[in-house]
Amino acid sequence: MPGPDAGPSPIPLAGVVGWPVAQSRSPRLHGHWLARHGLAGHYVPLPVAPEDLAQVLRALPRAGFVGLNVTIPHKQAVLALADSVTDRAALIGAANTLVFRGGRIHADNTDGYGFVANLRQHAPDWVPAAGAAAVIGAGGAARAVVASLLECGVPELRITNRTRLRADQIKAEFGARVVVYDWAQAANMLEGAATVVNATSLGMDGKQPLRLPLDALDPGALATDLVYTPLDTPFLRQARDRGCRTVDGLGMLLHQAAPGFERWFGVRPQVDDDLRRAVLA
Ligand code: ATR
C-alpha cells in the first residue's frame, strides 16, 4: 500500500512484463486508450528476466502498479506466483492478465475471449455451433482458442500439430469433443468444418507459410489466423481464394487487452478502426 506521502489517489500504473518485451504492441494499444479516454495512468514495457520475475511481481503493487499483461516467456510461470488463478487460466495453463488488489495477485487469461470477440466483431453471422472447428497448432495460444471454441458450443473440435503429443495432451485435458488428426493428414480435418484456425506461427514474417491444401474446405467456412504480421497471411489468402470469409488476427490482440484495461483503469475501452490504426502505425 502507498505510504501517507503518496496521497489519496496515486496515478495508476500498468505494463507488460516479458523478456524481451521491446516487440510488444501493448504499450501503444493501452497508451491509445488512456489518451482517448483522458485518463490519468501510464502503461510501460517491463523487461524482466525469468530469474527476477517473482521478486518484481511482489514489488510492483507497492510502487503503484494495479496490474500487468504477461507475455513470452512468463505466461506459465505467473500461475505459480499468483495468489488466485481463474479456472480458464488454469485450464489453458497460462495467464496473460494480472490484477493487483489488496496486496494479492489475481491471474486470468483473456486470449480466448479476445479470439472470439474478434470473430464476433468481424463476422457477426458466424455460428460456432454450425459445424466442427479445425485448429492447426497446439501451443499456448492454441490452448486458449480451444478453450474458447468449446465454451462457444462447437460440436467437435479437431486439432492437429507437428508435435502430436501436444495435441494429444489437449484432448486428454479438454475432453471428449476433441479429435486429434495426424499432422500428415491435416487436410482431412477440414471436411465439413465451419471454422478453421491457424494457431501455429507459420505464415509469420520471416517464417515458412502454412502448407495445407484447402480442397476439402467448405467455401461457407470461416477462416482465421492468429498471425497478424503480416495481416494478410498466405493461409488467409488461400482461404479467400477458396471462397471463404476470413478474419485477420490483429483483432484478437486488441480484444484480449480490453478486460485488463477495464479492471485497471475503470473504463471499458472500444476496439475500433482508430485503435487498429494506432497499433499498426
Ligand atoms: P504460442 O504461444 O504462440 O502458441 P508456442 O507454444 O511456441 O507459441 O506454439 C507454436 C505453435 O506453432 C506450435 O503448434 C508449433 O508446433 P510444435 O508444437 O510442433 O512446435 C507450431 N510451429 C512452429 N513452427 C512450426 C513449423 N515450422 N512447422 C509446424 N508447426 C510449427
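Twelve residues of domain 1 are in contact with 17 residues of domain 2, contact meaning heavy atoms within 4.5 Å. The model is predicted: local features need pLDDT of at least 70, side-chain atom pairs count only at pLDDT 80 or more, and totals for chains, interfaces and linings use all residues. Residues are numbered from 1 along each chain as its sequence is written, and side-chain values use heavy atoms, with hydrogens and water left out.

Domain 1 comprises 13–109 + 253–280. Domain 2 spans 112–248. These bounds come from an automatic or database domain assignment. Taken over C-alpha atoms, the centres of domain 1 and domain 2 are separated by 26 Å. The size of an interface is often given as the accessible area lost when the parts come together. Here, domain 1 and domain 2 bury about 1200 Å² between them. Of this area, 56% is on carbon and sulfur atoms. Buried area is the accessible area (1.4 Å probe) that two parts lose on being put together, summed over both. Leu91, Ile92 and His255 supply 44% of the area that domain 1 buries against domain 2, more than any other three residues.

Polar links also join the two domains. Six residue pairs in polar contact are counted between domain 1 and domain 2, both residues at pLDDT 80 or more. A polar contact is a pair of N or O atoms within 3.5 Å; within protein, one must be able to donate a hydrogen and the other to accept it, and residues adjacent in sequence count only if both atoms are side-chain atoms. On the side of domain 1 that touches domain 2, the elements giving two or more residues are helix H4 (87–92), helix H9 (250–265) and helix H10 (273–280). H9 gives the most to this side, with four residues. Helices (H or I, at least four residues) and strands (E, at least two) are DSSP runs, numbered from the N terminus. One salt bridge is counted between domain 1 and domain 2. A salt bridge is a side-chain nitrogen of Lys or Arg within 4 Å of a carboxyl oxygen of Asp or Glu. The side chains of Arg276 and Asp248 meet in a salt bridge at 2.8 Å, N to O.

The largest nonpolar core has 31 residues. Such a core is a set of buried Ala, Val, Leu, Ile, Met, Phe, Trp, Tyr and Cys residues joined through side-chain atoms within 4.5 Å. Buried means under 20% relative accessible area, exposed over 50%, and partly exposed in between (1.4 Å probe, protein chains only). Phe115, Val135, Val145, Val146, Leu149, Leu157 and Ile159 touch the most other members. Two or more residues each come from helix H5 (111–122), strand S7 (132–136), helix H6 (140–151), strand S8 (157–160), helix H7 (164–174) and strand S9 (178–181). H6 provides the largest share, seven residues. Apart from this core lies another, of 19 residues, among them Leu34, Leu253, Val271 and Val279.

Val145 is placed in helix H6. Val145 counts as buried because its relative accessibility is 0%. Beyond residues up to four places away in sequence, Val145 touches Phe115, Val135, Val197, Leu226 and Met252. With the neighbours within four places likewise left aside, Phe115 is in contact with Val145, Ser148, Leu149, Val197, Thr224, Leu226 and Met252. Arg120 is in helix H5. Arg120 has a relative accessible area of 41%, so this residue is partly exposed.

Helix H1 (residues 26–36) has the buried residues Ser26, Pro27, Leu29, His30, His32, Trp33 and Leu34. These residues pack against strand S1 (13–18), strand S2 (42–47), strand S3 (65–70), H9 and H10. Just after H1, Gly38 takes a positive phi of about 60°.

Pro20 is in the loop between S1 and H1, and the peptide bond from Trp19 to Pro20 is cis, with omega near 5°. Pro230 lies in the loop between strand S11 (222–225) and helix H8 (234–241). The peptide bond from Thr229 to Pro230 is cis, with omega near 10°. Thr200 is found in the loop between strand S10 (193–198) and S11. Its relative accessible area is 15%, so Thr200 is buried. The side chain of Thr200 reaches the backbone nitrogen of Leu202 at 3.1 Å.
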